[in-house]
Amino acid sequence: KFVLSGRDIIVKARGGLNNINNPEGSVRLSFKAGISTLADILNIPFRWQGRVEGEGNLIRAQKKLTCFTSFKSDNLVLNEVAMGRTTGRVEYHKLQAFTVAMDIQRKMGGKEEVRIFSEDGIIRGEWKNFHLDPVMSYFHLPWPIHSPAWGKLIFDRRQLSVDLEFKEEALLATDERFPLRGSGRLTWDRRKNLSFSFPSLETSFGKMDVQGKMSIGENLDILISGDYQDVRTAREFTSLVMARKFNFPEIRGQGHAEAHIGGAYSAPRVRLDFALSPAGFAEFDVAAGKGFVEVVKGRALGQVTFDDPSYKGEIVFLSAEKALDVDINLATGAAEKILPRLRLVFPLRGSASGHFRVTQRGELLRVEGTFSGPRLKFGFAELGKVRGKVIWDEGVLSFPELAFDLYGGRIKNGFTLDVPDRYLEINTTVE
């Protein structure tokens, strides 16, 4: 019997060996060790932490050395992700030939199974019901997915190849984590280059095709396209995947959208193209809308063309942190529906056209625009050939210019309503 004690490992052995020149026999082993030490001995990739203990048999017969041990751990950590209670076994057959089987029980539920096989420097693995958080953590990639995966991997001297399948039945999102159903492949060249292909993924907000490649820490090129029932949630998902918030106004609806993410790894360029029906943008909900948004270094430029029975036109916007500029070109629309969406409370009804600019700096909002209409109603009065300019600025509503036909005459007004100070001023000219 003997005891081997090191800085991070203790091995106890008891047994018998015959023939010192060509020993044969068996030894009963027990051990306690840091899991990282065992991973280094077996040449298993990734970052391991925690303590493991186990027991087994070491056998040498017919010039062959084999080792069979079981193990358990209550504090195993893989790539900075806690794995919960882990049990398993190790079978060591010869130099660079081993099998590791692990059963993992994490708080997220269900037994996770991992099997790793190694021979002649090639590592093969397979897993069932395994959550990929620790693998994505190794590559420093956000992973807002709660679905487990089934799959296989091959890890040789040149690259890591992984085939994955997600089998989620209930496509329900919970706490900013999303379900997945579908399959794909991931390849890593053991240096910086990572590529992946998931041609048909289903999730809670739609179905998408994800293709991408990246040089970790340097650049990336990712294309996500699909048909979505909820584009607002798709935007939230993309934001979580990129670990950064988008500061452009909300886009809603269902339809087809395509996101291209490329450029520098630390500050990628994002372009979103979409065609939605129904659609929504900021305060506007419409029957159909299409356009694009491009985000570069925290600034977003976008254009949206909308079509609805109530209004038709185009929106162009530029946004940055705590700053937003929106130009609204209205081809035609119902004044009673448009003005409230611009936070302009004024009793005009009827078909009109115009141009409006919305400027926001922090909490300060200013709306300025011009409009015209062949016939509008103001209360019970019917106005003809209406032309006007309107400004809303920090609680003050004003019409510096407002002209219309009424009862055969032409009326020109200047109108100011200061809501905070309860001040009203009207200047009128009648022709």
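Is I20 buried or exposed? In this predicted model, I20 counts as exposed because its relative accessibility is 76%, and the cut-off for exposed is over 50%. I20 sits in the loop that joins β2, residues 9-18, to β3, residues 24-34. R7 is 13 residues away from I20 along the chain, and their C-alpha atoms are 29 Å apart.

The largest pocket holds about 680 Å³. Its lining consists of 28 residues, and those closest to the centre are F31, L38, L42, T69 and V90. Several elements give at least two residues each to that lining, among them β1 (2-5), α1 (35-42), β5 (51-61) and β9 (85-94). By class, the lining of the largest pocket has 24 nonpolar residues, three polar and one charged.

The second largest pocket has about 590 Å³ of space. Lining this pocket are 29 residues, with L141, P142, F196, I222 and V241 nearest its centre. Two or more residues each come from β16 (193-203), β17 (206-215), β18 (219-228) and α3 (231-242). Of these, β16 provides the largest share, four residues. The lining of the second largest pocket splits into 26 nonpolar, two polar and one charged.

Next, the cavities. How many of 30 Å³ or more are there? The count is four.

The largest cavity has a volume of about 350 Å³. It is lined by 26 residues, and F46, W127, F130, V135 and L153 are the closest to its centre. β12 (122-130) is one of the elements that supply at least two residues here, as are α2 (133-138) and β13 (149-155). β12 gives the most, with five residues. In the lining of the largest cavity, 23 residues are nonpolar, one is polar and two are charged.

The second largest cavity comes to about 210 Å³. There are 19 residues in its lining, and A234, R235, T238, A259 and L272 lie nearest the centre. β18, α3, β19 (251-264), β20 (269-281) and β22 (288-296) each contribute at least two residues to this lining. Which element has the largest share of the lining of the second largest cavity? That is α3, with five residues. The classes here are 15 nonpolar, one polar and three charged.

To recap the elements: β18 and α3 each give two or more residues to the second largest pocket, and each also gives at least two to the second largest cavity. β10 (97-105) supplies at least two residues to the largest pocket and at least two to the largest cavity.

Technical notes:
Residues numbered from 1 in each chain as written. Predicted model: local features only at pLDDT ≥ 70, side-chain atom pairs only at ≥ 80, totals over all residues. Heavy atoms only, no water. Buried < 20%, exposed > 50% of the residue type's maximum accessible area, 1.4 Å probe, protein only. 1 Å grid on protein atoms, 1.4 Å probe; cavity = no way out; pocket = protein on both sides within 12 Å on 5 of 7 lines; lining within 4 Å. Points joined across faces, edges and corners; volume = space filled by probe spheres on them. Nonpolar A, V, L, I, M, F, W, Y, C, P; charged D, E, K, R; others polar.
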